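Student: I have a model open on my screen and would like to talk it through with you. Shall we begin with the ligand and then turn to the helices and loops?

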Amino acid sequence: MKFLFRILPLIVFCTANATAQKSVLPAECRIEVFADQPGATISKDIYGHFAEHLGHCIYEGIFVGKDSKIPNTNGIRTDVVKALRDMKIPNLRWPGGCFADTYHWKDGIGPASERPSIINTFWGGVTEDNSFGTHEFMELIDLLGCDPYITGNLGSGTVQEMAQWVEYLTSDNKSPMTDLRKKNGREKPWKVKYFAVGNENWGCGGNMTPEYYSNELRRYSNYLNNYPGNQLQRIACGPNSADYNWTETLMKNDGARWAMQGLALHYYTVPNSWDKKGSATTFTEKDWIRSFSATLKMDDLITRHSAIMDRYDPEKRIFLAVDEWGAWYDVEPGTNPGFLYQQNSLRDALLAAINLNIFNKHCDRVKLANLAQTVNVLQAVILTEKEKMVLTPTYYVFKMMAVHQEAKILPSNINCEKYKLETDSIPSVSYSVSRSANGKIHLTVANLFAGRGQKVSCNFNGLKINKISGEILTSNLITDCNTFEKPNVVTPKTFTDFKTNKDTIELEMPAKSFVVLEIE
Ligand code: AHR
């Protein structure tokens, strides 16, 4: 008995130690890829962005004016353009958002000094001087080398106003609108790939019912012409998150299948509730897993909206455009609540990877997506403060995942452990695999465990593997951010923790990390 008392502490210590060791043992995950069965093409436009007249996204973030000391081209920031080009931005959505259904495009053309000032009623009630308008946006698009995605005003505009905007932008014929464009310094028409017929018309864009909106869509679309040399893809306002009735009504009423080429879906990741969203920078592991759990709903939303679309459009002629997505937290303390300015951490990087992997998986239906928003607003890829610029962890995920643009998705399956914490339970791995036109295969994989490594064994079914290179994005803390004082806390590094065994690659991923592998 005496002996038992003496060794009891030792038994307790050893058991506790074993438990601790077990909890830090890496999880194990198996992925099987059918490398010889390429599927649908991943549209590059899934990697799109969104810039609204909101807070410091356009003004200060992108446009500083010609007279600024910050290096610029006709007022457009040189540093921001370079960063977005490096990230391979494929398209940019503008001018909103809710702002779009208050925007009258003729206010934003002609000499800047003669443009009227208006109140930005949705975002902080600030003065909008219209110094950034159609010509400035199209110049930005030229500098970025990407496609424009313009949102028309259906909520408070007219059919004539919207039709004239398309004519002003894209017609090469002689007309009052094209004469006006020439008078304003642009001889040749521009090319416009995407044009939205209103934004969130179930809410800020006019509080419409789906029946009312779908009739308006048919009427407006009728006058949005395809002028010679330009083919518009018209995007209809789609559902708010899980409003399946909206999708059903629009698909049913678009009998002739010409009113829309794309249907928008908006879904934001809010870790808690809309009243108490939570901080972007001060959070616990519970908030971490909750955010991922909320963001993973994107998969279910796309699956269910697609199933409705499949019933009316089995040939998939109408695509799904997730043209607003991203994490929405409380604004940074001391900033204007109407400006939606939030920091961006390693959590946001993994959250972006989860969503982009989901879009890749659904690439037969999802052809366009836009992260909200590019600079200084919500889940921004870039933050600016006067002349300083910081690239966020989300930026690096977009850059690392650009390898999937226009590649073919490869069919695959996965067997991985669940990541469980209290009431939350999610898959511990998010991934996708594609094959580019040059034959290279890319695997993007995120280990979502906050405190546990992951051994990922990826079998490529007979593929001859000659060469592999990799990059990793991770950091010490789940809350780590890039700040103006320390801009390089979360940046990609070379990744070499893998080995090959015939047609299988075994990766040793640290906790809370994202990896891209290039396989030749
Ligand atoms: O991205 C911010 C706002 O969120 C957009 O203006 C609006 O469309 C959505 O509700």
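Tutor: Happy to! A polar contact here is a pair of N or O atoms within 3.5 Å. Please keep in mind that this is a predicted model.

Student: How far is an oxygen atom of the ligand from a polar backbone atom of Cys98?

Tutor: Cys98 is one of the residues around the ligand, a group that also includes Phe50, Trp123 and Tyr268. The cut-off for a polar contact is 3.5 Å. The backbone of Cys98 places a polar atom from a ligand oxygen at a distance of 2.9 Å.

Student: Which residue has a polar side-chain atom 2.8 Å from an oxygen atom of the ligand?

Tutor: Let's look at two side chains. An N or O atom in the side chain of Asn199 is 3.1 Å from a ligand oxygen. The distance of 2.8 Å belongs to a polar side-chain atom of Glu200.

Student: Are α8 and α10 roughly parallel or roughly antiparallel to each other?

Tutor: Helix α8 covers residues 285-295 and helix α10 covers residues 346-361, and their axes lie 10 Å apart at an angle of about 20 degrees. Angles under 35 degrees count as roughly parallel. Therefore α8 and α10 are roughly parallel.

Student: How many charged residues does the contact of α8 with α10 have?

Tutor: On the α8 side the contact includes Asp287 and Trp288, and on the α10 side it includes Arg347 and Leu350. By class, there are seven nonpolar residues and three polar ones, and the charged residues number two.

Student: Is the crossing of α3 and α4 left-handed or right-handed?

Tutor: Helix α3 (residues 134-144) packs on helix α4 (residues 159-170) at about 50 degrees, with axes 12 Å apart. That angle makes α3 oblique to α4. As for its hand, the crossing of α3 and α4 is right-handed.

Student: Where is Leu340?

Tutor: Most residues other than glycine have a negative phi. Leu340 is not a glycine, yet its phi is positive, at about 50 degrees. Leu340 sits in the loop between β12 (319-327) and α10.

Note on methods. Residues are numbered from 1 along each chain as its sequence is written. This is a predicted model: local features need pLDDT of at least 70, side-chain atom pairs count only at pLDDT 80 or more; totals for chains, interfaces and linings use all residues. Side-chain values use heavy atoms; hydrogens and water are left out. Axes are lines fitted to C-alpha atoms, for helices over the stretch in contact, and angles run from 0 to 180 degrees between N-to-C directions. Helices (H or I, at least four residues) and strands (E, at least two) are DSSP runs, numbered from the N terminus. Angles under 35 degrees count as roughly parallel, over 145 as roughly antiparallel, 65 to 115 as roughly perpendicular and the rest as oblique. A crossing is left-handed if the near helix is turned anticlockwise from the far one by less than a right angle, and right-handed if clockwise. A residue is near a molecule or strand if one of its heavy atoms lies within 4 Å of it. A polar contact is a pair of N or O atoms within 3.5 Å; within protein, one must be able to donate a hydrogen and the other to accept it, and residues adjacent in sequence count only if both atoms are side-chain atoms. Contact means heavy atoms within 4.5 Å. Ala, Val, Leu, Ile, Met, Phe, Trp, Tyr, Cys and Pro count as nonpolar, Asp, Glu, Lys and Arg as charged, and the others, Gly among them, as polar.
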